[in-house]
Amino acid sequence: MEFRVKGGSPWKQRTGCVVVGLYEGRKLSPAAAALDAASGQALGAIVQRGDLEGELGTTLLLHDVPDVACERVLLVGLGRKRDFHETSYRTALCAAVKALRTTGAGEATICLNELPVNGRDGAWKIEQGVLAVMEGLYRFDSLKSKPPDAKRALKKVVFHVGDGPETAAGEEAIARGQAIAEGVVLARDLGNLPGNLCTPTYLADQARELGKRHGFKVKILEKKDLEKLGMGAFLAVARGSPQPPKLIVMEYQGGASGAQPVALVGKGLTFDTGGISIKPAHEMDEMKFDMCGAASVFGAMHAAALMKLPINVVGIVPATENMPGGDAIKPGDIVATMSGQTVEILDTDAEGRLVLCDALTYVQKYKPAVVVDVATLTGAIVTALGHIATGMFCNDDALAREVLEAGERAWDRAWRMPLWNDYQDALKSNFADFPNVGPHAADAVIAACFLSRFTARLPWVHLDIAGTASRSGADKGATGRPVALLAHFLAGRAS
Ligand code: BES
Ligand code: MN
Ligand code: ZN
């Protein structure tokens, strides 16, 4: 997809389609009003027939509006003017693109950058515009025997930026948006791929591909390497599956050699049945999304490399399946982690923390400036925050602010959860140093407490993305979150 920014009058755009907004109550946006005036009030007259009220995300396609140069005009509903904010802007753009892709328009000029969005500047609107367009265009149909709409007319999107000059800042925003969008698409594709195809071995191959494409180093640690390192917790999870586990290590060197890297650690459960503590059958297919943390690490590294960020990043993915089987771990089993601490596995379904704890110990050999782990870790975070905010836990207040701000800039928001010592008491075992689960109050916090026992000497952030990484229902699929947050976090660190 090609993106441009361009000034000029909306009605003079020689393009397949001009996209303009309509607020609720049939109120024309400024660009829509300009088209209306140019067309001798034809646009306003059509709207007054009542085919579009302006409800957010609704659209109306018009052909041959008098005295406008383009072939089509797409009206998109913006909702109530005083409620219009970042999410509305993204929703309107996304809806516009979904309508555009059903038309034959090869090029569209989108005139929504003029809308005030909660004080956001022009560059933000362009970057988010690119992300919203890519979101609207996204399909995962490579596994359908007859992809429903292989023909895709839309090739070029122009963001109309009023009468101002096309700025270098605009081009920069497009490049940033495209890099992040590519990272998001990679994360969505990996997430959507089913467990029979997206295995730990497949993820390892994808990492090698990514390394080759960008020229960064990729190491894959095999089962025997994990045994040598003493990763008893990671290996315990892998035992139930015939698929060999992989510890994927990616080293992007954009910064000075020797500069401390940012470490990203992504949970890579290519399928989570729960193991012997097996999950109910209902919606279990969605546990193919249990590698979305890993996918977001891949996506963030892809985006960082595309942006050529002057920073070192090490990405670590413990990849395995969690399966029941004759050799699978049993409730009550006790294993030694790489850190030396022993864990009583009371629930084999709390496997994410088991693979992460060894990866978090391993990553310390890189002497990282900061470690961010990303994991679809608990159902409890979905109960707490739903599908809007990612749950964020952090052992350093300044770092917590940095992450929250990156999420705000990226419009990929996180919300801080407590990591108070008081919660640590829930992890008590009569037989090992501690168990992998507590008595099930505040499960998301207890999971973070478990991880904190492996990161005490590090500035560390834990992102629980169980609610934000994927959607259920009619829109079932991976979202690509929190690639945008991570990309902004890395960009902030690099500058
Ligand atoms: N992968 C799941 C968490 C999850 C749940 C992700 C729902 C997405 C949607 C994780 O491995 C898990 O099973 N967690 C358990 C932990 C519990 C046993 C303490 C959970 O949340 O139920
Ligand atoms: Mn589980
Ligand atoms: Zn899991």
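A crossing of two helices counts as left-handed if the near helix is turned anticlockwise from the far one by less than a right angle, and as right-handed if clockwise. Helices here (H or I, at least four residues) and strands (E, at least two) are DSSP runs, numbered from the N terminus. The model is predicted, with local features needing pLDDT of at least 70 and side-chain atom pairs counting only at pLDDT 80 or more, while totals for chains, interfaces and linings use all residues. Residues are numbered from 1 along each chain as its sequence is written, chains are lettered from A and ligands numbered from 1 in the order in which they are written, and side-chain values use heavy atoms, with hydrogens and water left out.

Helix packing comes up first. The axes of helix α3 (residues 86-100) and helix α4 (residues 122-137) come within 8 Å of each other and cross at roughly 45°; axes are lines fitted to C-alpha atoms, for helices over the stretch in contact, with angles running from 0 to 180 degrees between N-to-C directions. That puts α3 oblique to α4, given that angles under 35 degrees count as roughly parallel, over 145 as roughly antiparallel, 65 to 115 as roughly perpendicular and the rest as oblique. The crossing of this pair, α3 and α4, is right-handed. On the α3 side, the residues in contact (heavy atoms within 4.5 Å) include Tyr89, Leu93 and Val97, and on the α4 side they include Trp124, Ile126 and Leu131.

A second pair is α12 (residues 397-410) and α14, with axes that come within 8 Å and cross at roughly 120°. These two helices, α12 and α14, are therefore oblique to each other, and their crossing is right-handed. From α12, Leu399, Glu402, Val403, Ala406, Gly407, Arg409 and Ala410 meet Ala484, Leu485, His488, Phe489 and Arg493 of α14. By class, the residues of that contact of α12 with α14 split into seven nonpolar, two polar and three charged, where Ala, Val, Leu, Ile, Met, Phe, Trp, Tyr, Cys and Pro count as nonpolar, Asp, Glu, Lys and Arg as charged, and the others, Gly among them, as polar.

Then there are the metals. Lys267 (NZ), Asp272 (OD), Asp290 (OD) and Glu351 (OE) coordinate the zinc ion (ligand 3) at 2.0 to 2.4 Å; donors are N, O and S atoms within 2.8 Å of the metal (3.2 Å for Na, K and Ca), and water is not among the atoms, so sites may look incomplete. The six donor atoms of the zinc ion (ligand 3) make angles of 77 to 175°, and the site is octahedral. (Six donors count as octahedral, and four as square planar, if opposite donors are over 155 degrees apart and all others between 65 and 115; four are tetrahedral if all angles lie between 85 and 135 degrees; anything else is irregular.) Asp272 bridges the manganese ion (ligand 2) and the zinc ion (ligand 3), which are 3.2 Å apart.

The peptide bond from Arg481 to Pro482 is cis, with omega near 0°, and Pro482 sits in the loop between β21 (477-478) and α14 (483-494). Lys367, in the loop between α10 and β15 (370-375), has phi near 45°, a positive value in a residue other than glycine.
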